[in-house]
Amino acid sequence: MTAATLALPRVVRLPRIGTVLAATVVVLVLVAAVAPGLLTHRSPTAIDLTATLRGPSWAHWFGTDDAGRDLLTRVIYGTRQSLGIGLGATAIAFLIAVVLGFTAALAGGVVDGIITRIVEVAFAFPALLLALLVIAVRGPSLATEIIAVGIGSAPGYARMVRGQVLTVRQAGYIEAAAALGHHGFTVIRRHLFPNAMRPLVAVVTLGVGQSIVWASGLSFLGLGVPPPSSEWGALLDAGRVHITTSWWLEILPGLVIVLVALAVTTLGRTLQNRLGGASR
Amino acid sequence: MPTSRSNALGRFAGKVVSSVGVIVAAASVTFFAQLAVPGDRATALMNLQTGQEKKWTPEELAPLNERFGFDKPVIVQYLRYLGGLFRGDLGTSYTQKRPVTEVIGGQLLPSLTLTVAALAVAWVLALGVTLLTVKRGRFLSGLGSTWEALTASLPHYWVGIVLLVVFAVELRIFPIIGGTSASGTVLPVLTLAIPLAGFLGQVTRDEFVQVLEQPFVTTARTRGMSDLGVRLRHVLRHAVLPAITLSGWALGALVAGAVIAENIFGRPGIGQVLVTAVNTRDLPTVTGIVLVVAAIYVVANLLVDLAYAVVDPRLGGAR
């Protein structure tokens with residue numbers, strides 16, 4: 001118990017107001033993803049050619065696009081796809097990371113050496129370039145975008161997973177479980193896996209925010225989801241031709257992405273502190 | 001002390017060897033990624049070049065197979081590719097039908113100028129904010145760390161768009177499409193530098209706070225040294241070490257950011273070439289650029305090791 005108490009990470013005090021704001025943003029995002037109709041009564045595809053490229057106003061908070069569609073409504077309806085891409089990419093990244101990290105840490109020796117080397121090299125590539133390589137091989141599409149962002153962010157997580165497994169493996173309860181005669185696989189499943197992964201829950205949360213930003217960056221370059229979609233990055237891409245006349249088409253959806261990423265990061269850090277304190 | 005010097009040299013030589021290893025591994029990854037293209041590569045290429053979607057006869061595909069060596073066994077292709085790399089041959093562009101080195105060559109300098117300038121500006125911004133705000137009372141410290149946390153999390157594209165709209169479209173201080181002119185370089189550099197400065201500042205600030213509490217700082221103060229003098233002469237030297245280590249990594253991230261910045265400001269560079277190549281699925285050009293970036297990254301990290309030894313003389317001959 002004393003060792004566990006000593007190992008407590010120092011608790012970082014976050015401003016309460018920040019956490020509350022972050023939680024509000026995340027709740028709004030979830031509502032927008034599940035039931036966008038609750039947040040707006042407009043349709044994301046309602047074209048109004050008498051009101052094209054209008055700046056932000058009381059009637060249209062985010063202004064309108066070149067087809068007179070309400071931008072805020074399009075952002076709200078785009079939430080589901082953006083969040084889906086973020087979750088999907090993070091899931092792929094972690095799947096790869098868990099497989100590589102566990103194999104490397106448990107196998108040790110030559111296998112560990114090879115995997116670690118590959119991960120290091122992949123980590124050396126800027127994630128964006130790795131993602132672009134995947135898109136060049138597979139051709140741009142929604143699935144490619146998710147896979148690309150997932151593969152791009154996997155190496156960083158793989159290092160963390162491997163480190164976690166190596167640390168947890170040393171723990172007394174693992175030794176005890178093995179000494180009690182439990183089968184190796186049971187020890188991994190019941191003790192090693194949950195304990196190694198628990199501190200990474202916060203990292204997953206942070207990862208979703210990161211993935212949304214990266215995916216929207218790819219879409220912004222015109223390499224993501226094709227235009228009719230109102231996915232956040234696709235909105236940015238579609239608005240670029242009007243940048244000299246209609247700033248809101250770029251700045252406001254971008255601001256939403258920034259705020260969501262900040263909110264997710266803030267919550268992730270809060271979670272990290274809580275879990276850090278709770279996990280023994 | 002000849003032995004310690006040869007030790008340092010030996011360590012550096014070891015780093016060089018492992019760097020070459022990293023590049024060979026990177027080349028292998030990119031080569032096998034090319035094999036992962038769905039279907040037959042000659043067919044895919046033929047469809048790409050003709051804009052049609054159909055099955056081609058072996059006779060029609062023969063010239064492409066001949067030209068790119070698709071019909072050879074994979075191992076032969078792989079060794080050829082690696083051998084070519086050592087002779088400085090990155091392959092032939094699918095779409096432009098000329099050597100990738102030629103396609104990239106002229107575009108490399110503007111991108112390097114952009115990233116190196118951004119790194120320099122980021123350091124100036126980060127150090128300025130750190131020196132002025134760390135432990136300068138609650139308000140200034142809070143302002144400094146909030147600024148850093150905020151800017152560090154901004155995506156490049158959004159910073160670029162905001163700068164473009166404010167300074168080019170509305171205020172008209174800088175051109176919207178600046179090319180490689182000096183005034184056209186300011187906004188792309190800031191686009192890359194602002195988020196990086198936030199990141200470097202965060203790292204330096206933590207270190208700075210800790211170093212300010214060290215005994216040698218108190219000693220320096222009791223000698224009657226001014227506050228700014230202590231910060232510049234003693235604290236800074238220690239506080240910048242982690243940020244220097246991260247600068248090598250940062251250069252890689254900057255190249256990625258350059259792709260976005262060049263795209264926003266219509267600035268020529270490998271980023272523009274890369275996006276076009278990804279769009280047209282010109283794999284040799286994409287992998288060529290990825291490898292060049294990997295090489296730059298590796299060289300940058302070697303330079304970081306050297307810079308580290310200069311700032312921290314303890315590392316020069318130690319161990």
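Two residues are in contact if their C-beta atoms, placed from the backbone, lie within 7 Å. With that in hand, welcome to these close-up views of a predicted model, in which local features need pLDDT of at least 70, side-chain atom pairs count only at pLDDT 80 or more, and totals for chains, interfaces and linings use all residues. Residues are numbered from 1 along each chain as its sequence is written, while chains are lettered from A and ligands numbered from 1 in the order in which they are written.

**View 1. Where domain 1 and domain 2 of chain B touch.** Chain B is divided into domain 1 (19-86) and domain 2 (100-315), with bounds that come from an automatic or database domain assignment. Nine residues of domain 1 of chain B are in contact with nine residues of domain 2 of chain B. On the domain 1 side, helix α1 (residues 2-35) of chain B provides the largest share, seven residues. Helices (H or I, at least four residues) and strands (E, at least two) are DSSP runs, numbered from the N terminus. That side of domain 1 has six nonpolar, three polar and no charged residues. Here Ala, Val, Leu, Ile, Met, Phe, Trp, Tyr, Cys and Pro count as nonpolar, Asp, Glu, Lys and Arg as charged, and the others, Gly among them, as polar. The C-alpha centres of the two domains lie 37 Å apart.

**View 2. Helices α7(B) and α11(B) pack together.** Look for α7 (residues 156-170) and α11 (residues 241-265) of chain B, whose axes are 9 Å apart at an angle of about 30°. Axes are lines fitted to C-alpha atoms, for helices over the stretch in contact, and angles run from 0 to 180 degrees between N-to-C directions. The two helices are therefore roughly parallel to each other, a label for angles under 35 degrees. Taking part in this contact are B:H156, B:Y157, B:G160, B:I161 and B:L164 of α7(B), together with B:G257, B:I260, B:A261, B:I264 and B:F265 of α11(B). By class, these are seven nonpolar, three polar and no charged residues.

**View 3. Chain A meets chain B.** Here 31 residues of chain A are in contact with 38 residues of chain B. On the chain A side, α4 (109-124), α5 (127-138), α9 (200-220) and α11 (248-278) each give two or more residues. Among these elements, α11(A) gives the most, with eight residues. The chain A side divides into 23 nonpolar, six polar and two charged residues.

Note on methods
Angles under 35 degrees count as roughly parallel, over 145 as roughly antiparallel, 65 to 115 as roughly perpendicular and the rest as oblique.
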